[in-house]
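Subject: Structure for you to look at

Hi,

Here is the structure I promised to pass on. Have it open while you read, and my notes follow below.

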Amino acid sequence: MNIKIGLLLVTVGCLLLSLQSQAQERDDRATILNFKGIQYMSDDSLFYTNFRFRMQNRLGYSDVLDNEDNGKFDARIRRLRLRMDGYIYTPKISYSIQLAFTRGDQDFDDTGIANIVRDAVVFYNFSDDFYISFGQNKLPGNRQRVNSSGQLQFADRSLVNGNYTLDRDFGVSFNLSKKIGNMPINAKAAISTGEGRPVLGTDDGLAYTGRVEFLPLGNFTNDGDYSEGDIEREETPKLSIGGGYSYNDRTTREGGQLGRFVKNPFTLKTSFADAIFKYQGFAYQAEYMRRDVDNPFNIVDDQFNQVDGPEEELAYAQKGWGLNQQASYLLDKGYEIATRYTYIKPHQQLRNYEDQLDVIELGLTKYVKAHRLKFQLNANYTVPNGDFGNNNSKNSWGGTFQIELGI
């Protein structure tokens, strides 16, 4: 069989598969033979590759209600990513590679190094229900982080995720799915370096992370628990409840896997619990996160960070907790309305540096081809320290328009 005939058969087979299942994009395992992107299979079928890309083009505006002319526009490419998934010699040995080409996606502001590699991970699939991975990939953290940024119903994840998330790391993970009756249970665990995407090296401490998910009403259609909004219009109620914990021992970054590097390692303990419910176009999800550290204060390590002047610069971990809730309904012709409420409560030790925040957001999305092509319009209003009254000079509002396109 020549290459052209082989490619034709692969394409037809993938098309038939896609008619039966349009599973959502997953960042925690390779996407194989799912009729997404540009595909190639060798003539001897010993390796297979799926090439994809996606981009998010954004226009935003924000303003503080302090009677000053300080409105800011934000026009940029938020994300531009190339992803390659496939297998070598056998589908049991699969891989996923993801590269980023925009500054905000490269960890540049915190490290001064343009790190284009987001994922570079090898999977060994014992079965569809049990696989292990080795390399750089997302940790099994909070639900909104585990979801791909391409599967979100708002342009950005919430501030709860922004303050307390785990993000990517280099290490080994174990993933197991089982059923008790008709209730699927997913268990995930990882041992990783604790410093996120490598820059120049790692310290002696490691991070230990675990997550468990319960689906008491059965599986979501096409892995819908890994995407926001009920695009599938679930015919019966679906619910997923998850939670986990991460112990990052002696990390050298403010946020564990993210943030600036610090001189004195500290240990971060992060707990999280979340749930998502979908039924006939309605979707609701909630997420709680908490981060503890004995002493959140530190000093920026100027070996890795650009520090202005001879004085030492203060750094601190985001000690505290937050709650995010969002609800949506899918209207006819692919239009979705959504609302989100986020609450951030910094620990008392940080009261001179961080404000308590209430954030209210509204969203309107037009799905042209599910999450692969969509138009998003968001508006937000932020209230520091519970000041909903007349003295609202620190309150702010903003809006975002974003187009996401990908294959």
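Strand S7 (residues 168-180) runs antiparallel to strand S8 (residues 183-192), and 10 bridges pair them. Strands here are DSSP runs of E with at least two residues, helices are runs of H or I with at least four, and both are numbered from the N terminus. Two strands count as paired if DSSP finds at least two bridges between them. Before going on: this is a predicted model, where local features need pLDDT of at least 70 and side-chain atom pairs count only at pLDDT 80 or more, while totals for chains, interfaces and linings use all residues. Residues are numbered from 1 along each chain as its sequence is written, and side-chain values use heavy atoms, with hydrogens and water left out.

Back to the S7/S8 pair: glycine 171 sits opposite serine 192 in S8. The hairpin has 2 residues between the strands, and glycine 181 there takes a positive phi near 65 degrees. On to strand S9 (residues 207-214), which is antiparallel to S8 and joined to it by 8 bridges. Alanine 187 faces valine 212 of S9 in that pairing.

**Aspartate 119**

Have a look at aspartate 119, in strand S5 (residues 117-127). Is aspartate 119 buried or exposed? Its relative accessibility is 1%, so aspartate 119 counts as buried (buried is under 20% relative accessible area, exposed over 50%, partly exposed in between, with a 1.4 Å probe and protein chains only). Its side chain makes polar contacts with the side chains of glutamine 98, at 2.7 Å, and arginine 168, at 2.8 Å. A polar contact means a pair of N or O atoms within 3.5 Å; within protein, one must be able to donate a hydrogen and the other to accept it, and residues adjacent in sequence count only if both atoms are side-chain atoms.

**Salt bridges**

How many salt bridges does the structure hold? There are 25, taking a side-chain nitrogen of Lys or Arg within 4 Å of a carboxyl oxygen of Asp or Glu. One of them joins arginine 52 to aspartate 85, with the closest N and O atoms 3.1 Å apart. Arginine 52 belongs to strand S2 (residues 47-64) and aspartate 85 to strand S3 (residues 72-88), so this pair ties together parts 33 residues apart in sequence. Both arginine 52 and aspartate 85 are buried.

Another salt bridge runs from arginine 145 to aspartate 167, at 3.0 Å between the closest N and O atoms. Since arginine 145 is in helix H3 (residues 143-146) and aspartate 167 in the loop between helix H4 (159-164) and S7, the pair ties together parts 22 residues apart in sequence. Arginine 145 and aspartate 167 are buried too. There is also a network, in which salt bridges that share partners join Asp27, Arg52, Arg83, Asp85 and Lys138.

**Cavities**

The count is 5 cavities of 30 Å³ or more. On a 1 Å grid over the protein atoms alone, a cavity is a set of points where a 1.4 Å probe fits but cannot get out, and lining residues have an atom within 4 Å of a point. The largest cavity holds about 120 Å³ of space, the volume being that filled by probe spheres set on the points, which are joined across faces, edges and corners. Of its 13 lining residues, Asp28, Lys138, Leu139, Pro140 and Asn175 lie nearest the centre. Strand S6 (130-138), S7 and S8 each give two or more residues to that lining, and S6 has the largest share, 3 residues.

Cheers

Conventions: 1 Å grid on protein atoms, 1.4 Å probe; cavity = no way out; pocket = protein on both sides within 12 Å on 5 of 7 lines; lining within 4 Å.
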